[in-house]
Amino acid sequence: MPNESQSRREIVYYGKQLHDCGYVAAMDGNLSVRLDRKRILATPTAMGKGMMRPSDLVIVDMEGRRLAGRRNVSSEIAMHLLIYKLRPDVHGIVHGHPPTSTGFAAAGIALNKPLVCEVVIGLGSIPLAKYGTPGTPELTDALAPLIPQYDAILMSNHGVVAYADSLQHAYMKMETVEHFAKIALVTHLLGSQQQLSEQELEKLIAARSKYQGPKSAAPMPLGGAGGCGGNHHGHPHSPQSESDMETTKPIRAASRNR
Ligand SMILES: [Zn+2]
């Protein structure tokens, strides 16, 4: 685990990446790292993510009270704290508004079709949480049922949150979501979506547990109808491997959650 000063540098680095990639504008987005059982290091409110210094960050306890730092705590800290509470395996969180995936979130469309093998291995499927006003319990209530099963979530009419065992991996998951959203958009423009079949998905499940071990909590995408269109709503995937241990509760991905 990185120490506090390494974590500060890491948040500054990935904050700049988030900004430079166009995943946030102005003072949007936030990042955090779990320092230990009781302390979270996070980006402050009202600050561009491309211009932060390590000393700008704040440390909060698990109730969101500021323990250190001159700047104010982000109102979106509650979302981070909820994720850390529900997922002891998570040590880094990235939240941003990448344009294409946020476009899906604003269109009310989940990224839950098995279209690209690497996305199936890395993330399974990306559900759409219903809308909640930022900084209020509405938002955390909408995310809570999805957090145990997924490693990245589209937030309706808002953006994306991704989390992992490190900030670097959380950032990579965010990148994968945005890249996949662009690909899904192209398939939509081309008017054809050739979904991976159930047999191919089974092989990818096996590959995922080999690459990621039990760390990924993400279930498989819905559908797997093996043809254009397919059944958009599909069925919840039943656990097949150690990596799916946490997916036993059959919560449906909230596709077209309107
Ligand atoms: Zn936001």
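So, I153 stands opposite V161 in β8. That's one spot in an antiparallel pairing between β7 and β8, which goes over four bridges. And before I go on: this is a predicted model, so keep that in mind for the rest of this.

Okay, staying with those two strands. β7 and β8 make a hairpin, with three residues between them. Remember, most residues other than glycine have a negative phi. In terms of placement, N157 is in the loop from β7, residues 152-155, to β8, residues 159-164.

Now, β8 itself. How many of its six residues are buried? Six of the six, so to speak, and the strand is mostly covered. You can see that on both faces: on one side G159, V161 and Y163 are buried, and on the other V160, A162 and A164 are buried too.

Strand β5, residues 92-96, runs antiparallel to β8 and is joined to it by five bridges. If you want a place to look in the viewer, find G92, which stands opposite A164 in β8.

You'll find A46 in the loop between β2 (40-42) and β3 (58-60). Why does A46 count as exposed? Because A46 has 9 C-beta neighbours inside 10 Å, and the cut-off for exposed is 12 or fewer.

Then there's A25, in the loop between α1 (4-20) and β1 (30-34). A25 has 13 C-beta neighbours inside 10 Å, so it counts as partly exposed.

Zooming out a bit. The chain has seven helices and eight strands. Of its 258 residues, 46% are buried. And if you take the contacts with a separation of 6 or more, 68% are between residues 24 or more positions apart.

Last thing, confidence. pLDDT averages 85 over the chain, and 82% of the residues score at least 70. Where does pLDDT stay under 50? Over residues 223-258, and for that stretch the model has 82 contacts beyond four places in sequence.

Conventions:
Residues are numbered from 1 along each chain as its sequence is written. This is a predicted model: local features need pLDDT of at least 70, side-chain atom pairs count only at pLDDT 80 or more; totals for chains, interfaces and linings use all residues. A residue is buried if 20 or more other C-beta atoms lie within 10 Å of its own, exposed if 12 or fewer, and partly exposed in between; C-beta atoms are placed from the backbone. Two residues are in contact if their C-beta atoms, placed from the backbone, lie within 7 Å. pLDDT is the predictor's confidence in each residue, from 0 to 100. Two strands pair if DSSP finds at least two bridges between them.
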